[in-house]
Amino acid sequence: MNYEMPDTTTTADPSQDTPAEMTDDAAGYYSPGEPIVDAKAPTGPIADRWQDRKFEARLVNPSNRRKLNIIIVGTGLAGASAAATLGEAGYNVKSFCYQDSPRRAHSIAAQGGINAAKNYKEDGDSVHRLFYDTVKGGDYRSRESNVYRLAEVSTNIIDQCVAQGVPFAREYGGLLDNRSFGGVQVSRTFYARGQTGQQLLIGAYQALERQVAAGTVETFTRHEMLELIVVDDKARGIIARDMVTGAIETHLADVVVLASGGYGNVFYLSTNAMGCNVTAAWRAHRKGAYFANPCYTQIHPTCIPVSGSHQSKLTLMSESLRNDGRIWVPKNAADCEKDPRDIPEEDRDYYLERIYPSFGNLVPRDIASRAAKYVCDEGRGVGPKVDGVARGVYLDFAAAIERLGKDGIEEKYDNLLDMYERITGENPYEVPMRIYPAVHYVMGGVWVDYDLMSTIPGLFVTGEANFSDHGANRLGASALMQGLADGYFVLPHTIRDYLADGPFEKVDESHPAVVEARTSVEERINHFLNVNGTRSVDSYHRELGNIMWEYCGMERTEDGLKKAIDLIRTLKDDFWRNVKVLGTNESLNQSLEKAGRVADFIELGELMCIDALNRRESCGGHFRGESQTEDGEALRHDDLFAYVAAWEFAGDGEPPVLHKEELTYTAIEMKQRSYK
Amino acid sequence: MSSNSNMSLTLKIWRQPDAVSAGAMHTYQVTDVSPDMSFLEMLDVLNEDLNAKGEDPIAFDSDCREGICGMCGLMINGDAHGPEVTTTCQLHMRSFTDGETITIEPWRATAFPVIKDLVVDRSSFDRIIQQGGYISVNTGSAPEAHSVPVPRDDAMRAFSVATCIGCGACVAACPNGSASLFMGAKITHLGELPQGQPERDSRVVNMVAQHDHEGFGGCTNIGECTAACPKEIPLDVISQLNKDLRTALKHGF
């Protein structure tokens, strides 16, 4: 839910749009590469592009499909839907997940809903309007062809899910209910109470298990992909570890799909599941897949604050709470430890209402998040102190309870307030809730072309793991839409064009590229088990998270990012020499699993900082201190940064290579936003 | 603000190196436990201590840690997911008292063999779903979503039982190790919807056959399952399961 308010987009004021100085902040941290173009991007009228591409994409004869092997890593919405669909089409699919069942992937935790341009409310919605809202929400940093396609197939998703038995909310007449979400002016969000992600994932999971029974899909649960196999410049398989027995397995195929989710856990604390990681995507990156816009992170303003150093993850509360709750901190730092009920009205600072009188508590996610950070940085945060600083602000329902009654609030927010009480032990009907921002979603990911293929032929990337649809920020209720669009309706068409050349020459397990991949995995595992250092994996992960949150979180500056890069390099060096992983490879070893993931997060963290350093503009979820208006608002620089930053791995210790993909808009005009 | 008084606890935890070795209860002391910690964060802290001492950390499953993925699940003092109606990850230490001894075991059921320590294999649930816990509809073949209205009450009942997270607490709580609540929830979810009717008979017959094949026990209407269920799936889904099974058998399945 990005925009909680009416459309206030204004055309950029040219006087504010002063070009950034032509400084190259990241000079020395990267080397410039050739521009990259999306060779598969169709041209012509935007509404025809997907139809054209589907027609142009070659077909695979049904009798050939069973001879073609597809590996899919991840079983969230993007992975399970693709596995089910490709299995139904008759391909041989192997599906991998690190959880004990495909049904547990983290798509399950999405609460709010899924957008689709059905226009059931006859309120002026259309494919074009959903496209427009999504590009604008992404702050004009996404690819318009991809976004249009996303909006176009959104309606098919709802049909498919309803037919699968997904129990969406309905009206008394038996038809589907919609709500307005994220302040957009149309009601296009389909939902299943606060558990839309769970219901959609179970639908995809059941479709997947149906194909398991049909013999077209084989599932490998408790398996983690640890390396990509690239033979003759094509992705031909993966090395996976059986997390129960420790067996290092080689799986070969004609094509590999990564649907392995986002990397928010690089911040250690996030709303992601404990196991979410970047390893599959990062191993592919190291083998040649470009990584795009890694610095684009979405930070959600209404999470339950950290309660102590033991904290292992953060819990999101629906942003709809900002519709009725008033956000404040004490005016005086001296009042911060008082019972909030004893602080009189005149000593409270309702800072969002003060700074943004027209939108007040409903300013967009990134503005609300940064404002909370600033007041806490000033020492006016509330709640328990962690490492000496209280990081929390009040979200107060007292006025709303007076207006609507306790029952009114209960009815409106269902179990949200109970959930808060369960986690914090505080009753929000009596004491104001405390909230603080947390990392929630990443827009960056593996670079893909219009066909969702990476720069490694035969390696496709879908869902949150790719970068393509959300630009610099994602609208609420659009993550579920993208996962299912990619898996049910996009990939199955684009992958056939690649597979039409298959089956490819058989690869033997003794091929040098396979042996190399397998050996590198074994060596890495042996290294972790034999370092015998003094610090736990978690302690490194936590330290990395602190660095990222401090310097590459809500606000980034040149100095901070350079400092972060130094800190990360030192941390990386220490990690490889001093990590302590007990046990053996040949059994369930959760420390060993985490060691590999943290090693990759450390490398990713450095690239995120370099990307953020290079992008000396504020856009979407990325706010650069050096690029703001006089009023402290985000300032984009379309003249300098209207491009996708696609990073190529150049070797350990070598600066990454930056390839720019220019973004051009033919169907939409670029505008600057304003919320004052 | 919540209580600041930290606790000291004695933990008795099942340790088992792998599926084939014998296991045993081990005793650990934890101190300085904050009431604001979740139960799993308390175990995280214990594991950091064990790691520092060179002892193998305790293996346990968890993933989302917000009560929705169904990955976590421990028997805590003999109760599946512990004393509150919630998942283990959403249980907080304020539900315990200073000085208490807490017994922690894995799910116990023939159909959920232990993999290591507190981790069990629940793939039997996936195999039950494979036998009909779905509606057969290939991608792209679905009719327009509004072509089939669903009465609101039916849709709401379908939703309320579709909230099952597949954690297995019902099986662990059942003296018979039955998965009837899990199965009944799926049968009821799909059976309430018009889209679920064509396969209704075959679904229940095949799922029940797989359930029995996996080694789950029969239901004797004790009700421990529904008491342990973190999503409060009601017991009447088992009545629905039995009714659907009788109907299917009458139809000659």
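This is a predicted model: local features need pLDDT of at least 70, side-chain atom pairs count only at pLDDT 80 or more; totals for chains, interfaces and linings use all residues.
**Stop 1: chain B as a whole**

Of its 253 residues, 53% count as buried. Contacts in chain B also reach across the sequence: among those with a separation of 6 or more, 72% join residues 24 or more positions apart.

**Stop 2: the two domains of chain B**

Now select residues 7-116 of chain B in one colour, for domain 1, and residues 123-250 in another, for domain 2. The centres of these two domains, taken over C-alpha atoms, are 29 Å apart. Where they touch, domain 1 of chain B brings 18 residues and domain 2 of chain B brings 16. On the domain 1 side of that contact you will find nine nonpolar, seven polar and two charged residues.

**Stop 3: where chain A meets chain B**

Bring chain A back into view. Here 66 residues of chain A are in contact with 68 residues of chain B. Which helix of chain A gives the largest share of its side? Select helix 6 of chain A, which supplies nine residues; this helix spans 196-214. Other elements that give two or more residues include helix 3 (77-89), helix 5 (144-164) and helix 12 (479-499) of chain A. By class, the chain A side holds 23 nonpolar, 28 polar and 15 charged residues.

**Stop 4: a strand covered on both faces**

Next, select residues 393-396 of chain A, which form strand 17. In a regular strand, side chains alternate between the two faces of the sheet. Look at one side of strand 17 for A:Val393 and A:Leu395, and at the other for A:Tyr394 and A:Asp396; all four are buried.

Strand 13 (residues 326-330) of chain A runs antiparallel to strand 17 of chain A and is joined to it by three bridges. Across that pairing, A:Ile327 stands opposite A:Leu395. Strand 18 (residues 433-442) of chain A also pairs with strand 17 in the antiparallel sense, again over three bridges. There, A:Arg434 is the bridge partner of A:Tyr394.

**Stop 5**

Move on to an open, antiparallel sheet in chain A, with strand order 7-8-9. Its edge strands are strand 7 (223-231) and strand 9 (248-252) of chain A. On average, neighbouring strands are turned by 25° against each other, direction ignored. Strand 7 and strand 8 (residues 234-242) of chain A are joined by eight bridges, and A:Glu227 has A:Ile239 as its bridge partner.

What packs on this sheet? Select residues 512-531 of chain A: this is helix 13, which touches strand 7, strand 8 and strand 9 and makes an angle of about 145° with the direction of strand 7.

**Stop 6: the largest nonpolar core**

Finish inside. In soluble globular proteins, nonpolar side chains tend to be buried together. The largest nonpolar core here has 289 residues, and those touching the most other members include A:Val257, A:Leu459, A:Cys609, B:Cys170 and B:Val171. Helix 16 of chain A gives the most to this core, with 13 residues.

Beyond its neighbours within four places in sequence, A:Leu459 is in contact with residues including A:Leu228, A:Ala235, A:Leu258 and A:Met453.

Methods: Residues are numbered from 1 along each chain as its sequence is written. Chains are lettered from A and ligands numbered from 1 in the order in which they are written. A residue is buried if 20 or more other C-beta atoms lie within 10 Å of its own, exposed if 12 or fewer, and partly exposed in between; C-beta atoms are placed from the backbone. Two residues are in contact if their C-beta atoms, placed from the backbone, lie within 7 Å. Domain bounds come from an automatic or database domain assignment. Ala, Val, Leu, Ile, Met, Phe, Trp, Tyr, Cys and Pro count as nonpolar, Asp, Glu, Lys and Arg as charged, and the others, Gly among them, as polar. Two strands pair if DSSP finds at least two bridges between them. Axes are lines fitted to C-alpha atoms, for helices over the stretch in contact, and angles run from 0 to 180 degrees between N-to-C directions. A nonpolar core is a set of buried Ala, Val, Leu, Ile, Met, Phe, Trp, Tyr and Cys residues joined through C-beta atoms within 7 Å.
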